[in-house]
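Me: I would like to learn how to read a feature of a structure. Please start with aromatic pairs.

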Amino acid sequence: MSSKWMPWASNMISRRRLLGAATLMATGSLAPNVYAYGLMRPWAEEAVGLATPLAAACVSHPFVKGLADGSLSEERFVYYIGQNIHYLMAYQKSLRALSRRMEAPNHRKRFDDWADETAASEQYTRDVYASFSPGIPDILIVAPTTQLYMGWEAQAATFLPVHEAVAAMLPCFWSYGEVGRFVAKTKKTQGNRYADWIAGYGDPAYEKIVAEAMGIGSDVARDLTPSERFAMTAAFLRSNRLEWMFWDAAWRLETWPAVR
């Protein structure tokens, strides 16, 4: 691609990102006064405030409630675990891809560390899947929502500006932490076949990791222009919406539509 073409392409990509942010604002996911609201305090506080309704939707989802009290069907749980394996495989790759693009050495190190931890989580998830589905030799086919979430994060980590890519990765930490706190407070362990899976939900050590990850988001956002900050928040909200969609897909046992 010629150098003469590049500025035009860059402007088109920027306009598309801002249009996406504008769409989120129009649908109620972003407050209209996001500029004034956001620049008065750290980015993480702004982002969390705007994403709280999406986290609340995750917490109140029947899948999460069923996981906490043990009423969730085993079919739905196995579906979720199988899709989670796919997601974790992709997420660790996205974390590593983003790490290579980050400027601060301490930020690169933490994202690499989290990629390693994600790999360990993937293996544990595979073991859980095998224990619930000993007769199934392989994991489930990638579902549409899983594919969408994996693809969005891979695209962000590789092609979007670093601040937007960081924001796109963070809901996996933050939203899961919000769900974890709810489950830890409401779970029923006696007779709950998922007691071992949810045992670590709400772990204070994990909450520290969430705070650190969100703190990196604030660090990255510190010197952004208002439009860059706006786009960063939009990326954070998009991934939070996908967190809800992931729970919902497992509840619905989502499949690919038939070709007619």
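Reply: Rings of Phe, Tyr and Trp (its six-membered ring) pair if their centres lie within 6.5 Å; planes under 30 degrees apart count as stacked, over 60 as edge-to-face and the rest as tilted. A search of the whole structure finds 20 aromatic pairs. This is a predicted model, where local features need pLDDT of at least 70 and side-chain atom pairs count only at pLDDT 80 or more, while totals for chains, interfaces and linings use all residues. Residues are numbered from 1 along each chain as its sequence is written, and side-chain values use heavy atoms, leaving out hydrogens and water.

Me: How is a pair of aromatic rings described?

Reply: A pair of aromatic rings is described by the distance of the centres and the angle of the planes. Here Phe63 and Trp247 form a tilted pair, 5.5 Å centre to centre with 40 degrees between the planes.

Me: Where in the chain are Phe63 and Trp247?

Reply: Helices are DSSP runs (H or I, at least four residues), numbered from the N terminus. Phe63 lies in helix α4 (residues 62-69) and Trp247 in helix α12 (residues 226-252), 184 residues apart.

Me: Are Phe63 and Trp247 buried or exposed?

Reply: Buried means under 20% relative accessible area, exposed over 50%, and partly exposed in between (1.4 Å probe, protein chains only). Both Phe63 and Trp247 are buried. Buried residues make up 47% of the 260 residues in the protein.

Me: How many helices and strands does the protein have?

Reply: The protein has 12 helices and zero strands.

Methods. Helices (H or I, at least four residues) and strands (E, at least two) are DSSP runs, numbered from the N terminus.
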